[in-house]
Amino acid sequence: MNTELEQVTHIDNIRLGGDETSVVVLDQTQLPNRTVYRTLREAEEMYDAIRLLRVRGAPAIGICAAYSIYALARQWDILDYGPFAEKFRAAKSYLNSSRPTAVNLSWALNRMEKVVDANPQKSMPEILDLLGRECRAIHEEDIAMCRAISEHGLGLIRDGDGILTHCNAGPLATSRYGTALGPLFLGRERGMRFRVFSDETRPLLQGARLTSYELQRAGIDVTLICDNMASIVMKNGWVQACFVGCDRVAANGDTANKIGTSSVAILAKHYGIPFYVLGPTSTIDLSCPDGDHIPIELRSPDEIREMWYAEPMALPEVKCYNPAFDVTDHTLISGIVTEKGICRAPYTESLSALFR
């Protein structure tokens with residue numbers, strides 16, 4: 001493999017600290033201009049890393065949460081199961097409150113909690129050993145998941161295609177390859193060429209700061225556009241498919257992803273361009289019937305008014321509405337690509353079939 005490509009697709013963005021009582025993360029808020037790793041030891045630091053988007057992307061959030069609660073548990077000087085389990089559940093609840101929309105957060109923490117619940121008869125060293133194995137398994141499974149999604153997604157596009165993407169669903173948001181960007185990296189390994197249009201993704205600019213960064217470093221042809229330019233590149237015939245990630249998929253196929261994704265899907269429908277959502281089965285929430293039941297995180301107005309600017313671009317008294325996500329209706333989605341295969345409408349049937 002090309003060395004530069006391998007460095008991108010296998011980026012070391014989350015790992016346990018050497019003594020396994022801390023988590024080391026690549027601070028995504030510092031990219032693309034600075035490469036900064038942060039060591040998280042306190043629960044508040046772990047919470048802030050997720051809440052403040054130092055770690056972001058549904059799979060990466062889940063990996064970070066699993067490592068974090070394990071690292072915290074290793075710090076506790078508790079020998080009795082009862083007090084340990086009580087403190088574990090409190091830490092889980094605290095970390096779980098950091099990002100309400102990304103279902104991978106609760107999914108990973110629930111997996112870790114099940115280890116504790118299933119082993120009340122074991123000693124604390126034994127439980128800690130099992131927790132360590134579980135968080136590493138979550139990470140290893142994500143690596144395999146990304147590869148499988150990339151393989152399935154690559155079958156949907158052809159050499160030379162133009163792809164439009166929104167937000168960031170590459171290696172930084174996962175562990176290897178990524179979800180929505182995974183097929184592009186995998187295709188690049190195999191000598192294929194793509195033209196990618198990366199929405200800058202306001203207001204936090206993940207497309208500009210992260211997606212274009214990953215693709216440019218990997219030698220993939222990428223053109224950065226403002227979000228409101230998606231229509232013209234589609235009309236020009238430059239886009240043959242749209243690939244986006246997701247933070248939660250409802251049972252009917254409605255998907256929550258970074259704000260602005262729904263607009264891309266509507267435009268794609270108008271221009272007859274297939275719109276695909278790529279994500280692991282861990283983002284599928286069959287207990288959530290539809291998009292109306294997906295909680296949408298509201299973030300600080302300052303992200304609109306003043307972030308990235310030398311001085312505020314709006315008066316302080318101007319009201320702001322800043323949802324982090326929107327919901328794309330299942331009728332706009334051509335397929336949902338998972339590690340187990342590609343789901344098509346009717347999604348109530350194809351999604352539930354993944355879990356039989």
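User: What volume does the largest pocket have in this model?

Analyst: First, the idea: on a 1 Å grid over the protein atoms alone, a pocket is an open set of points where a 1.4 Å probe fits, with protein on both sides within 12 Å along at least five of seven lines. Points are joined across faces, edges and corners, and the volume is the space filled by probe spheres set on them. Here the largest pocket comes to about 230 Å³. Mind that this is a predicted model, where local features need pLDDT of at least 70, side-chain atom pairs count only at pLDDT 80 or more, and totals for chains, interfaces and linings use all residues. Residues are numbered from 1 along each chain as its sequence is written, and side-chain values use heavy atoms, without hydrogens and water.

User: Which residues line the largest pocket?

Analyst: Lining residues have an atom within 4 Å of a point. Among them here are T29, R51, R209, D302 and W308. By class, five are nonpolar (Ala, Val, Leu, Ile, Met, Phe, Trp, Tyr, Cys, Pro), five charged (Asp, Glu, Lys, Arg) and two polar (the others, Gly among them).

User: And how do the residues lining the second largest pocket divide?

Analyst: Into nine nonpolar, one polar and two charged. That pocket holds about 190 Å³, and its lining includes P203, I259, W308 and Y321.

User: In what order do the four strands of the open sheet lie?

Analyst: Strands are DSSP E runs of at least two residues, numbered from the N terminus, and two of them pair if DSSP finds at least two bridges between them. The order is β11-β8-β9-β12, with mixed pairing. β11 (284-285) and β12 (325-328) are the edge strands, each pairing on one side only. β9 (residues 255-258) pairs with β12 in the antiparallel sense over four bridges.
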